[in-house]
Every structure is written in C-alpha cells, then in structure tokens.
Amino acid sequence: MDVRNDWTVAEVEGLFALPFMDLIFRAQQVHRQHHLPNTVQISTLLSIKTGACPEDCAYCPQSVRYDTGLEAEELMELEAVASRARAAKDAGATRFCMGAAYRSPKPKDLRKVLAMIREVKALGLETCATLGMVSGAQAQELKAAGLDYYNHNLDTSAGYYEKIISTRTYQDRLDTLQAVRDAGMNVCCGGIVGMGEAPEDRAGLLHTLATLPSHPESVPINQLVRVPGTPLAETTALDPFDFVRTVAVARILMPRSHVRLSAGRGEMNDELQALCFLAGANSIFYGEKLLTTGNPDTADDRRLFERLQIVAEPAAQTTHPEYRTAMMA
Ligand code: SAM
Ligand code: DTB
Ligand code: SF4
C-alpha cells in the first residue's frame, strides 16, 4: 500500500475503533510490508543540559515552575558527552540523542552543541538532538554539523495542547518541524499519551502527524511518566491496551516510519512491551536513564530481546536499500 498523507480524522478514529485483535493484526501486516520483522532500532538518550527550563509543559520534571526536586545542571563539557556516546556505542546503540532543557538554544550554547554533534558523528553513531524551538538558520547549522535527526514533539492534539502548555503554541512546534525539514534533516516527532486526554485527542495527534507533508522518519510514542511535583503527577493511568492501540494506529498511518516505544517502559512488563512490538513499535531508548527519569536496566532489555529473539537494527549507513530488500525477501 502506498504511503498516504491524506488520512481523514474519521479514518483514524475508525482504526482506533477496530476490535483490538483486528487492529493488531492489521498493524503487523503493515509492519512486515515495510520493515524487517524481529528487528528494533536502538537509541540512547543523554541529557546534556538539565532542568531550569522556562517553559511550563505540565508533564515535565525539568520546568523551573514545578518543584520536582530535580537538580539543574549546566550544559555538559564536550569530552564528557563524547565519553557517554562511546559507552552507548559499545553497549550496542546506533543512535545517540542529546536532549537539552531549552525553550530554544542561545547562540553560545548552540555553538557548543554543534561541536558535540561533530564529535558524536565522528564516532560512527547516528546523531539526534532535542533542543526546543529552532529557526531555519539554526536548523541549517545543525545539519551542517552532521545532525541526522531532530526531535521535537507535538505532544498531543491541537485541541488538548492548551491544557498542557501555555508558553509556546502548536503552530510554533509546526514551524520548528518545517525548519528541520527544510534543512534536510530527518524528523523525529511524536507525543505523550496518558495525560488525561480523550481518545479523540490521541486520534487527533496521530492524524496531525500522518498528514504532515511528509511523515516523521521517527515517531516516539511516550507514556506519561508521572513525576511528583508536576501538575500531571496524579493523572489516572491509561489502560495499557489503549497505549498499544496508539502504537498500532501510528504504525498503520505511517508505514515507513520507525515507531518508538519511548518513555514509560519502566512501568511496562515484558508482555506489554512484546504487544507493543507486535503492534509495530520498532525502536526503543536503551540505557538506564531517559533524560531525568528511569528506564529499564540494560540487562533486562537484553534478556527481553533474547526471549523474543529480537535483534538490533544496524545503523542506517549499513542498511542500504539493497540490504533491506534482501533481508525482507
Ligand atoms: N526542551 C526540549 C523540548 O521540549 O522540545 C527538549 C527536551 S523535552 C524533555 C523532550 C520531550 O520529552 C518532550 O517533548 C516530551 O514529549 C517528552 N517528555 C518530557 N517529560 C515527559 C514525561 N514526564 N513523560 C513522558 N514524556 C515526557
Ligand atoms: C521523546 O519523545 N522522549 C524522550 C526524547 N524524545 C527526548 C524524552 C522522554 C523524557 C521522559 C522524562 C524524563 O526522563 O525527563
Ligand atoms: Fe522545557 Fe522541554 Fe520540559 Fe517543556 S518539555 S519544560 S520545553 S524541557
């Protein structure tokens, strides 16, 4: 089936309304037409600048407005970042994602981040950064330094967004995504579920992502990590099957994208994670920490991959289209 950018809201809601087994079956069929089965891409995250963020994102432990007990940290030194990237590579990650608690990067900080990107790239890792809003010129600088992916999430539907963030608009986010695209980088863009949103908001988020002029290459689906001190700390947990449904619908709508089972794995058992992989998730964050919160132990993840006979996807440099065709034949 061709990749479509003209999905209607009714179609997206129709997918969510399918009986669970039918939805998963369809998602797995789409998955196998476009991806190597039993293969998951592995990224490792590092918070290169932590906390004291001026934004008011209601889910985020790094906002200066909420007392979460988090200790703020200045932008890390180049050598410290490089050594963490080497460790991530040695542990089997193919992509290294650097996250900074910025509204948008200041010129002095951006210069330092560009040096980090060059260094990480030189190690043979794919590079990703998430630094908040960026202008067209900043996006071009990031691309020139060797940045492969820029992460910037829409987080939720346009309608629910104003309940979550007041300090920047949905349109601001779309503008940053456009700047990243125009600079020729891969887009990593997804959202968070379990923030008290309605089912229509989950459909709305995926509808917006799937009707962008081109689909994000990477679509992180985060389950809210309920951090004490944030306004969303007491939110009722989402039914895990609704999380799996969100993964499955993302897979069907954006067949060629990598759908990342992102934050929230620490609260999921192996069976639920396996269901997410069955629903089409084919990327994870690997490493004991996300940005500021926990992630499963690497030993547990290795055991999970062994139990499910999942293998790590080689880096894009080694996944030439001909290799993929041969593997999928
Ligand atoms: N400050 C930059 C920004 O907001 O774009 C980059 C870092 S920010 C922490 C990256 C993403 O992490 C957010 O867009 C959000 O989707 C996700 N995130 C933050 N806190 C989270 C939480 N408690 N649970 C799940 N996802 C979260
Ligand atoms: C994404 O979608 N999820 C990651 C990454 N992109 C930057 C971040 C998750 C953060 C979870 C809360 C924390 O650890 O601070
Ligand atoms: Fe700041 Fe990003 Fe957290 Fe929002 S999500 S408060 S912009 S670090």
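This is a predicted model: local features need pLDDT of at least 70, side-chain atom pairs count only at pLDDT 80 or more; totals for chains, interfaces and linings use all residues.
Ligand 2 sits in the largest cavity, where a cavity is a set of points, on a 1 Å grid over the protein atoms alone, at which a 1.4 Å probe fits but cannot get out. A molecule sits in a cavity if more than half of its atoms lie within 2 Å of the grid points. Residues are numbered from 1 along each chain as its sequence is written, chains are lettered from A and ligands numbered from 1 in the order in which they are written, and side-chain values use heavy atoms, with hydrogens and water left out.

**Ligand 2**

- The residues around ligand 2 (a heavy atom within 4 Å) are Leu45, Pro61, Thr130, Asn151, Asn153, Pro220, Asn222, Phe285, Leu290, Leu291, Thr292 and Thr293.
- By class, this shell holds six nonpolar, six polar and no charged residues; Ala, Val, Leu, Ile, Met, Phe, Trp, Tyr, Cys and Pro count as nonpolar, Asp, Glu, Lys and Arg as charged, and the others, Gly among them, as polar.
- Polar contacts (pairs of N or O atoms within 3.5 Å) to an oxygen atom of ligand 2 come from a polar side-chain atom of Asn222 at 2.8 Å and from one of Thr293 at 2.8 Å.
- A nitrogen atom of ligand 2 is 3.5 Å from a polar side-chain atom of Asn151.
- The protein buries 88% of the 410 Å² that ligand 2 exposes when taken alone, with areas from the Shrake-Rupley method and a 1.4 Å probe.

**Ligand 1**

- Around ligand 1 there are 18 residues, of which Tyr59, Thr130, Asn153, Asp155 and Val225 come nearest.
- The shell of ligand 1 is made up of nine nonpolar, seven polar and two charged residues.
- The side chain of Asn153 places an N or O atom 2.9 Å from an oxygen atom of ligand 1.
- Backbone atoms also take part: a polar one of Ala100 is 3.3 Å from a nitrogen atom of ligand 1, and an N or O atom of the Tyr102 backbone lies 3.2 Å from a nitrogen atom of ligand 1.
- On its own ligand 1 has 550 Å² of accessible area, and the protein covers 91% of this.

**Ligand 3**

- Cys53, Glu55, Cys57, Tyr59, Cys60, Ser63, Ala101, Tyr102 and Arg168 surround ligand 3.
- Six nonpolar, one polar and two charged residues form the shell around ligand 3.

**Cysteines**

- The structure holds zero disulfides, a disulfide being a pair of cysteine sulfur atoms within 2.5 Å.
- Cys188 is in no disulfide, and the nearest cysteine sulfur, that of Cys128, is 5.2 Å away.
- Cys188 counts as buried because its relative accessible area is 3%, where buried means under 20%, with a 1.4 Å probe and protein chains only.
- Cys53 is buried too, at 9% relative accessibility.

Technical notes
A polar contact is a pair of N or O atoms within 3.5 Å; within protein, one must be able to donate a hydrogen and the other to accept it, and residues adjacent in sequence count only if both atoms are side-chain atoms. Buried means under 20% relative accessible area, exposed over 50%, partly exposed in between (1.4 Å probe, protein chains only). On a 1 Å grid over the protein atoms alone, a cavity is a set of points where a 1.4 Å probe fits but cannot get out, and a pocket is an open set with protein on both sides within 12 Å along at least five of seven lines; lining residues have an atom within 4 Å of a point.
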